[in-house]
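Open the model in your viewer and keep the selection tool at hand.

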Amino acid sequence: MTIFSSTKQDDLDGNARTSYFNLPPLDVSIAFPQATPASIFPPCASDYYHFDDLLTLEEQTIRMKVRECMEKEIAPIMTEYWEKAKFPFHVIPKLGALHIAGGTIKGYGCPGHSITGAAVATAEVARVDASCSTFILVHSSLAMLTIALCGSEAQKEKYLPSLAQLNTVGCWALTEPEYGSDASALKTTATKVEGGWVLEGQKRWIGNSTFADLLVIFARNTTSNQINGFIVKKDAPGLTATKIENKIGLRMVQNGDILLKRVFVGDEDRLPGVDSFQDTSKILAVSRIMVAWQPIGISMGIYDMCHRYLKERKQFGAPLAAFQINQQKLVQMLGNVQAMVLVGWRLCKLYENGKMTPGQASLGKSWITLKARETAAIGRELLGGNGILADFLVGKAFCDLEPIYTYEGTYDINSLVTGREITGFASFRPAAMSKRSRL
């Protein structure tokens, strides 16, 4: 009879526990064989009202080209990179080959798509992965568009061709730690010196900033007290960008904190078309349309995933799709998608005809993101326990929608922009504060 000492027995138990807990997780297809994970992306089933008929042949071609790339190249890897909070840099050339960076910009190697074509491309990227769509949106609809609309001819010729191919990557730095919704009050300064400008300050939540080659930075001119724009190179002395950790949404997007300590920018890299904060509005008008199409795409993906899942998953001897309450929820999601698509499409047409107002863009973004959150919440319910797994897309999309609901103007701020337009009264500040500021 062998008697183990308590120490030896504890060691054996510890080794057993270590061995047990160090086992790799089961592949989801083995752990849950009854439904197909999002790595094999479901076919599109959300175009119930045949929105595709409203698109030109070129726009339909863009849509299918982007859809095919995203389903083939991104869907199999997105869960892994989302969990690690890392960006899949190896796919950038494949995204560049789609020729969607630069969207509506004409010339300089840019695609010159219609606003609808650019929006549809945004939705198709977001349908599979919201982080990739945010990467492209920041690069294309913010950084590139600012250079295209506010840059000199020399700046456009120098920077846009490489950005259009995604050979170089851009970011757009407006938000600061103390100024988010109140961005016009930003504190980063630009001081004129011989041959250029010296930037001092701090930016936060800047997507792509940790690896961007070019940073479009907004700063307050210390002489005029107005907001100016600058193109800053990633290796500029005094510039640092560090990753913001512990996000629950858009985890693949590398949001960063930017510190500017006496960063010199030559006169040739000051954006001549940015002389006040108002000059950012023409950029944000387009980018707000693109941001509105992100949750449209995300909701399409959620619906597609739930549509397939409910047909595959069985309980009580029948597919989940056979139960009345599940059908009602699926139809509610489908109705949301149709309405969101049509609002987004109408925004594009208003913009193309020169009729879109800031209030209309803000209403589109705020309302669409609100309905997308509702759609994601219903989808999460439908998938039960699998609704919290990134493997089945919906839980991941649920989290990704939270930052999109907030960035490019929170739901509340966008509502107030529309409210000001329809009533004639601005209500961004409490009444007492507004009165005090006028004294």
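Begin with the contacts across the whole chain. Of those with a separation of 6 or more, 76% join residues 24 or more positions apart. Keep in mind that this is a predicted model.

**Whole chain**

Colour by secondary structure. The protein chain has 14 helices and 12 strands. Its radius of gyration is 24 Å, close to the 22 Å from the globule rule for 439 residues, so the chain is as compact as a globular protein of that length. Turn the view along the principal axes. The C-alpha atoms fill a box of roughly 90 × 65 × 50 Å. Now colour by accessibility. Of the 439 residues, 52% are buried.

**Stop one: Ile231**

Select residues 227–233. This is strand S7, and Ile231 is found in it. Is Ile231 buried or exposed? Its relative accessible area is 1%; the cut-off for buried is under 20%, so Ile231 is buried.

Show its surroundings. Leaving out residues up to four places away in sequence, Ile231 touches Ile147, Gln155, Tyr159, Leu214, Leu215, Val265, Asp269 and Leu271. Next, draw a distance from Ile231 to Ala143. The two are 88 residues apart in sequence, yet their C-alpha atoms are 9.3 Å apart in space.

**Stop two: Ser299**

Move to helix H9, residues 281–312, and pick Ser299. Ser299 has 0% relative accessibility and therefore counts as buried. What does Ser299 touch, beyond residues up to four places away in sequence? The list is Val337, Met340, Ala372 and Thr375.

Keep Ala372 selected. Ala372 sits in H11 and is among the residues there that meet H12.

**Stop three: H11 and H12**

Select residues 358–382 for H11 and residues 394–406 for H12. Their axes are 9 Å apart, and the helices pack at an angle of about 160 degrees. Angles over 145 count as roughly antiparallel, so that is how H11 and H12 run relative to each other. Their crossing is left-handed.

Now show the side chains at the contact.

- H11 side: Lys365, Thr369, Leu370, Ala372, Arg373, Ala376, Ala377, Gly379 and Arg380.
- H12 side: Val394, Phe398, Leu401, Glu402, Ile404, Tyr405 and Thr406.

Colour this contact of H11 with H12 by class: 9 residues are nonpolar, 3 polar and 4 charged.

**Last view**

Key. Residues numbered from 1 in each chain as written. Predicted model: local features only at pLDDT ≥ 70, side-chain atom pairs only at ≥ 80, totals over all residues. Heavy atoms only, no water. Axes fitted to C-alpha atoms, helices over the stretch in contact; angles between N-to-C directions. Helix = DSSP H or I, 4+ residues; strand = E, 2+ residues; numbered from the N terminus. Parallel < 35°, antiparallel > 145°, perpendicular 65-115°, else oblique. Left-handed = near helix turned anticlockwise from the far one by under 90°. Contact = heavy atoms within 4.5 Å. Nonpolar A, V, L, I, M, F, W, Y, C, P; charged D, E, K, R; others polar. Buried < 20%, exposed > 50% of the residue type's maximum accessible area, 1.4 Å probe, protein only. Rg over C-alpha atoms; globule rule 2.2 N^0.38 Å.
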